[in-house]
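Good morning, everyone, and thank you for making time for this. Please take a moment to look over the chain before I walk you through a few of its strands.

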Amino acid sequence: MTNLIYRFRSLALAALLGCLSAGFTACSDDDPALPGTGIETAQWTDVNDVDIKGQTLIYEFDAPAKWSASTPDEDWVHILTPSGEMGLSSLRVKVDPNEGDLGRSSTVTVKVDGYAEPCVLTLRQGDGVLEKGDGRYREVNKWIYEYMAERYLWNEQIPQLQLDYTLDYQKFLDQMLNRIAAFDNVNAEDGHWSEGKRQYWYTNIDSSAPVSRAAGDTNTDSGLLIMGAQIDTNDGRELGFAVLWCTPGSPADQEGIKRGQFIRKVNDIAITMDNYQELGSRVVNGNCTLDVYDIVFSTDGIATITPVTNVFIGKWSYKDPSIYTSRILTVKGDKKVAYLNYMGFYMDFDTDLIDTFRQFKEAGVDELILDLRYNSGGHVLSSTLLGTLIAGSAHQGEIYVRTTYNADRTAKGEVGDYKIGDAAVPEGTGTYDLIPQGLTQSLGLTKVYVIATETTASASELVINGLRGLGIEVNLIGTTTNGKNVGMEGTRYTYRNYDFYFYPITFYCQNAKGFNAYSEGFKPDVEFDDTYYFPCDFGTERDPYTNLALQWIIDGSKPSVTTNSRSTMANYRPMKMTEDMKQPLTRRLGGNLQMRD
């Protein structure tokens with residue numbers, strides 16, 4: 001090493017002496033440059049790997065003359081020593097962390113004065129796809145990829161994706177969905193959008209248990225949906241929790257808690273703006289003591305609150321049913337109106353649904369109010385059963401919903417027709433005999449009044465679209481629905497004693513008229529948002545949505561939402577809300593589902 005360095009320095013000295021002996025003008029820019037780079041010993045190689053977390057690199061080399069360094073990628077490669085003198089030198093380069101998913105490379109050029117060629121070294125920060133995970137879910141991710149490649153509704157771009165299989169399964173799925181979206185957002189209908197932004201993906205995965213709560217799931221909590229609420233009383237403004245629902249069979253239900261009640265204290269702690277989220281979580285999770293009150297509002301909106309109970313709400317496992325409330329109301333002219341608060345399309349409760357319609361039929365109901373305000377979906381077969389119970393034998397054999405798949409599956413002739421009163425399961429997996437049984441208890445209606453909100457999604461929207469495809473009049477009351485015009489074929493995978501449940505979007509839902517363009521949701525005929533008004537019992541005249549439906553039925557014409565129309569809702573008073581309080585506290589989400597093992 002010493003001899004080589006001496007040789008480099010001797011060459012430089014000889015060149016300098018030659019210039020001096022010939023006079024200064026002999027060392028002009030026109031002199032021929034020495035061949036090569038001039039650098040014969042250096043600590044770098046042609047390709048130099050860099051940590052994806054970023055680092056500062058220090059390379060030593062021998063320079064036979066003055067030198068300079070540069071890079072074309074100053075946004076992530078930074079030269080800390082842009083120049084140096086002849087002799088033993090250090091090239092210092094700082095490289096930023098690679099926050100992207102793909103590897104990247106850049107070059108650094110070192111040019112020695114008097115030499116013809118620059119020395120170019122490559123910095124490589126990851127080769128191809130960066131592996132940023134620990135790899136423990138590699139097999140699960142391969143399973144996700146294979147299922148998506150075969151069945152995802154927008155699978156054309158999947159073979160082109162570069163993916164990191166070392167990530168955990170949730171990050172891997174998010175990466176996959178986002179990279180498909182990079183192709184002109186082809187999978188825009190996979191997910192709910194608001195104000196031009198996707199709020200969440202419909203496609204989802206979870207390990208060992210469903211991602212979130214849906215009707216039919218087994219839950220371990222209090223069974224309450226609550227919302228922060230401020231109300232005016234004679235003693236000032238009170239902050240507490242309004243009970244939006246109490247799940248039948250839950251711990252809270254066993255203690256007599258009801259929709260429309262008001263919770264002022266949790267574990268004897270008054271609810272304030274500083275603690276309401278923490279206390280709200282305790283209420284939802286259970287194993288806490290609640291101070292519960294009834295509320296009556298005066299005509300000027302002042303609340304009188306009456307203590308009902310101080311009660312301990314436990315926490316145990318219960319099964320969330322599909323039906324929360326069913327009533328038969330008698331209105332003007334002895335007209336009988338059926339009301340059904342249906343929370344989820346879950347097949348375990350389909351016999352209960354048939355039995356409820358049997359009661360409606362035996363009572364001779366003339367109209368139906370179907371409350372889907374909190375129903376975020378479920379199984380297509382259960383939705384077909386509900387469509388059968390409403391439409392009846394006059395539409396037997398007609399298409400309720402047709403499922404259409406990706407181009408590959410469509411080319412093979414795959415299509416799914418779910419028909420009114422037909423037991424056949426389109427996927428060729430047998431029959432579902434409850435659907436023809438539903439014909440025996442059907443109401444055979446020509447119109448129905450549906451309460452819907454942004455939560456109304458998937459299998460609930462199938463009811464709206466499916467009945468309209470049959471020519472049945474569907475009158476909507478509430479706010480615009482979610483817009484989930486697609487569905488999922490769920491599957492399960494077991495790996496290392498864990499179950500993984502995967503629900504990718506795999507089909508469109510269209511009605512008998514071929515309509516499926518409702519990704520922006522169904523707009524209501526009577527638009528009204530009751531979110532910020534104190535809740536009242538489901539299926540009563542005091543509930544604003546039910547009240548509007550009853551007005552429509554009684555008058556025979558669409559009601560207008562005016563101050564006068566609200567006057568009949570005795571408990572219908574605004575809650576004072578802050579931005580932080582506008583989301584209810586609970587666990588719930590659902591989807592349009594076909595389950596496959």
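Predicted model: local features only at pLDDT ≥ 70, side-chain atom pairs only at ≥ 80, totals over all residues.

**Strands and their partners**

Residues are numbered from 1 along each chain as its sequence is written, and side-chain values use heavy atoms, with hydrogens and water left out.

Strand S7 and strand S8 (residues 119-129) pair in the antiparallel sense over 8 bridges, where two strands pair if DSSP finds at least two bridges between them, and strands are DSSP runs of E with at least two residues, just as helices are runs of H or I with at least four, both numbered from the N terminus. In the hairpin of S7 and S8, 6 residues lie between the strands, and Gly114 has a positive phi near 85 degrees. S7 (residues 102-112) is also joined to strand S3 (residues 67-70), antiparallel, by 4 bridges, with Val112 in S7 as the bridge partner of Trp67.

Elsewhere, which strands make up the open sheet of 6 strands? Their order is S20-S21-S22-S26-S27-S31, with mixed pairing, and the edge strands, each pairing on one side only, are S20 (323-331) and S31 (526-527). Within this order, S26 (residues 447-452) and S27 (residues 473-478) pair in the parallel sense over 6 bridges, and Tyr449 stands opposite Asn475 in S27.
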